[in-house]
Each structure stands twice: as structure tokens, then as C-alpha cells.
Amino acid sequence: MAEENKMDKIIGFCKRRGFVYPSSEIYGGFAAVYDYGPYGVELKNAIRDAWWKNMVKDREDIVGLDAAIFMLPKVWEASGHVGGFADPLSECKKCHTRSRVDHLLEDAGVFADEKMSEEEINKIFNENKKKIKCLKCGGSDFSEARSFNLLVKSNLGNFTGDWDKEPTYLRGETCQGIYVNFKNVLDSARVRVPFGIAQIGKAFRNEITARQFIFRTREFEQMEMQYFVHPSVAAKEYERWKEERWKFYAEDLGFDAKNLRWHEHENLVFYAKAAFDIEYNYPFGFKELEGVHNRSDYDLTQHAKFSGEDLSYLDPQTKEKFVPWVVETSAGLNRTLLAVICEAYNEEDVGEGDVRVVLKLKKELAPVKVAVFPLLKNKPQLVEKAKEIFNGLKTKHTCEFDDNGNVGKRYRRQDEIGTPYCITVDFDTIEKDNSVTVRDRDTMKQERVGVGELAGYFHQKFNL
Ligand code: ATP
């Protein structure tokens, strides 16, 4: 499958099978915003749960947080977002499309790290202007690059009506909610440095280029963890977190290691001590999935300065007082979901020109775990028995009942959404052995399992 072709197929598949829909579609759609359908929301929840289990539940030194999307605007001044959260943009003089300068450079094969300063990017842009083509019309005449702030403004609590002068922002990243609650968590939970605070939640950015489906959207979800450490161990902790996060993708999500790689930031922002991204090999190339950063004491120091609160830590044993350094792991839930689908999407030639689309998801992530079918829809005993089995299993696993079309078609529908097991109730179930056929998604092999053993069978299959 050609890679561009694969992306188009995946976008079509996501809509057709109820994973991801374009927002406000009946009104013509809303750029760079997407909705998650019945299977998409299950898959998103399963990825979120896997992350939370790995980062919070399975560890003793990380606690959770759910901070509000709205924060006092001063937070975003302290974080540097009001002044500096900007992408240089340039307008094509022919078709008036505005594009991110780093994207134009990338398309022209010129290296530009998006973390470069605006000045540096502009310099490279001007030097390479002859090579650069508009991504829309191919034109080569561009305006000077200008910055565009990515924070999304709202009128919350603004009674003067002047949104520009008194904006309240929708958060541009979830980690600021963690920094401003550092002291609250320290004073109220049983934590001691080193410890981490984890949060999953929505973030909003006025992204200019809306490309690559759910990879870059204006509303998205982040899964972030900030680990607070003594400055002397920050470099060591940073290396440990790099390993941990790689393992999450390779083991918990089951990605093939050849589809993952590290990308080191060449130009670090002044406060950062190290920054690497984990990239995934999407059909449109290796792109950032998660950032792992050693942020020094920058964030707590900034918030201490702007708020007037002391955000240092007093070590109860050594009595040393210091501002902890932060190792941050910052992942995108939607980008991870796209990677999970790209990794799992398979088209298998099953002979005679027939192609089986199968989503080979890790079983734990599958939106539907078990599907239950009566062999025939119009035989009440079969339907009744299948319903009974379905009702028994659905309290433990997400199940789907399907009696539409023939069994072969039902298998294909379940393969497409990645359902690991299908149960068929047939005449032998009723008349002979009180057993059902359980069919495996990947091997397509079938085995007979006694109705009384089904609960234990799936308990074992799903490693519960
Ligand atoms: P990019 O370089 O792709 O713009 P970034 O480096 O600005 O991303 P961070 O600010 O480090 O991203 O955010 C952490 C994570 O949040 C990213 O690794 C990504 O997974 C996710 N993320 C950031 N922006 C978006 C977006 N517009 N849409 C979806 N996910 C995003």
C-alpha cells in the first residue's frame, strides 16, 4: 500500500467505521477540529487508561490532577505564552494562503527546527526563498514572515466587551495547571521530591496549518507528567524517563520499534537542558508523538516570580531548600490514537481478489472486545441464547451483539474495528453440546468453548 494512499484510506476508514468525523460536517465542516465516534471514543479512552495506568496507577511516586481549562491570564504571561507562543507565518502573494515558515522550509528540503527563534527561522527563510513553493498553488513570491500567537482567546468573565484587551485564554498546554498546583499537591498529598504530577486534558491552539488529519488540530488532548527532582539528579532522571516513555509505546501500545525513533532538538530554548521527541513513522513520515524535556527550574521560578508565592521545597531530611527541576513527558492523545490506527491497519489478500481489512489492535485497546452472533436472525432459540451470552459477558467486557447479514459479513465488520473475538451460537449449541464457536481475529481460527467456560476463557485471554 503506497503511503499517501494509506493516509487517505485511513481517513476514509475512520469516518466510515465511526472512529473520527470532521466537526460540524453537515454544515460543511470546521477546519482542524474533529469529533470522535462510537468506536473512536472507546479507543481514545483505552489509550488514555493505558497511559494513566502506566504513569499513575502502577507507580507510587506520581499523583493525578485535573485542572480547569481556564486559568487566570497572568499564568500565560508567566509561562511566556502571551509574549512568545508564536509561529512565523508567510503569505503567498499569488493565492494569499498563509503557511508556517518551518513547514515551507521542510517542504523545500531545507532543515529548520520549529524550536528555532523567529529570527533564525526568518534568516533561513530569506536565504532560501528561491527554493520555496507555496504548498497550495506552487507560487514562489512570499511576504515577510510575521508571528502569530497560538493562544485561543475567549470572553470569559469579560464584561466590558473588549475581548482583545481583557482576554481569558483557553489553555494552550496542560502542564501550566500542574506547575500552579505544585504547592497545593505538596501540602495536601503524601508526596516528597522526587515525585510527579500527571494530567490528561484538553488544550487549544490556533494552529495555522490544518494538515494531516487529527495529527495537528486546534482542539486536542494532552497526556502530561511533570516530575519534580533535586537539580543534582535531573540529568539521570531525564535519561530514565526517556527509557520509560519509549517502553510505553513499544510495550504497552505494542508499536514495532522500527516505527519509532528519537529526534534531538538542535536548538534548545534557553532554560531547557535537554529535549528529545519520540517520533512515529506515520504514512506522511516520522513526526513528533511526544516530547521529553529537562526544563530546569524555569517553570516554578517563573510562577514564583509572577505570583509572589514561594515555590521552593524544603527537604525534611537534609533541611536543604531548593527549587525543584522538572523532567516533563508530554504526549498527544489524538496523535497517539492516529499512530495506533496506522500501526494496526492491515489489508490482507485472502484470495480470489478478496481483501480483508483488519485492525490488528492490541486486545486491551480494542473498542469492542467480544462480538456475539446468533447464526440465524430468524430462529428465536438461537437469538435468545446469543442474547443470554451477550448479557452475561457485557458487564465484564465491551461487547457487541450483531445479527445482521450472514456470519462471514459480520466477521468482516468486527475485523475492521479490531474486535479480537467473535462468538457464534449455532444449532449444536442448542441441540447438542451447549458450546459456541469462538473465532480469533488474527488467526481466523475457530474453536468450540463451553458456554459455562466463556467467562474464564475471556478472563484469561484479556489477562485480567
Ligand atoms: P508540534 O511541533 O507538532 O507543533 P509541539 O512541539 O508544539 O508540537 P508540545 O508543545 O511539546 O508540541 O506538546 C506536546 C505534545 O502535544 C506533542 O508532542 C503532541 O503530541 C501534542 N500536540 C501539540 N500540538 C498539537 C496539535 N495541534 N494537535 C494535536 N496534538 C498536538
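**Entry: the model**

I am working from a predicted model. I keep that in mind throughout.

**Entry: domains**

I began with the domain assignment. It gives domain 1 as 3–74 + 151–341, domain 2 as 86–149 and domain 3 as 368–461. I then turned to domain 1 and domain 3. Their centres, taken over C-alpha atoms, are separated by 39 Å. Six residues from domain 1 and six residues from domain 3 make the contact.

**Entry: the interface of domain 1 and domain 3**

How much area is buried between domain 1 and domain 3? I found about 530 Å². Carbon and sulfur atoms give 49% of that area. I looked next for polar links. The rule finds two salt bridges across this interface. It also finds four residue pairs in polar contact there, both residues at pLDDT 80 or more. Which elements give two or more residues to the side of domain 1 that touches domain 3? They are helix H1 (3–16) and helix H2 (38–57).

**Entry: salt bridges**

Side chains of opposite charge can pair when their charged atoms come close. I noted one such pair. Arginine 17 forms a salt bridge with glutamate 416, and their closest N and O atoms are 3.1 Å apart. I also searched the whole structure and found 34 salt bridges.

**Entry: the five-stranded sheet**

I read an open sheet of five strands in the order E20-E19-E21-E22-E23, and its pairing is mixed. Why is one side of E20 and of E23 left without a neighbour in the sheet? Strand E20 (399–401) and strand E23 (446–450) stand at the edges, so each has a single partner strand. On average, neighbouring strands here are turned by 25° against each other, direction ignored.

I followed one pairing in detail. Strand E22 (residues 435–440) runs antiparallel to E23, and five bridges join them. Valine 438 stands opposite glutamate 447 in E23.

Two helices pack on this sheet. Helix H13 (residues 407–417) touches strand E19 (370–374), E20, strand E21 (421–425), E22 and E23. The direction of H13 makes about 170° with that of E19. Helix H15 (residues 454–461) touches E19, E21, E22 and E23. The direction of H15 makes about 130° with that of E23.

**Entry: the seven-stranded sheet**

I went on to another open sheet. Seven strands form it in the order E3-E9-E10-E16-E13-E12-E11, with mixed pairing. Which are the edge strands? They are strand E3 (62–64) and strand E11 (260–264), and each pairs on one side only. The twist from one strand to the next averages 25°.

I checked one pairing here too. Nine bridges join strand E12 (residues 274–282) to strand E13 (residues 285–294), and the two run antiparallel. The bridge partner of asparagine 281 is phenylalanine 286 in E13.

Last, I looked up a helix at this sheet. Helix H11 (residues 333–344) lies across strand E10 (219–229), E12, E13 and strand E16 (325–332). H11 runs at about 40° to E12.

Technical notes: Residues numbered from 1 in each chain as written. Predicted model: local features only at pLDDT ≥ 70, side-chain atom pairs only at ≥ 80, totals over all residues. Heavy atoms only, no water. Pairing = 2+ DSSP bridges. Helix = DSSP H or I, 4+ residues; strand = E, 2+ residues; numbered from the N terminus. Axes fitted to C-alpha atoms, helices over the stretch in contact; angles between N-to-C directions. Contact = heavy atoms within 4.5 Å. Domains from an automatic or database assignment. Buried area = accessible area lost by both parts, 1.4 Å probe. Salt bridge = Lys/Arg side-chain N within 4 Å of Asp/Glu carboxyl O. Polar contact = N/O pair within 3.5 Å; in protein donor to acceptor, adjacent residues only side chain to side chain.
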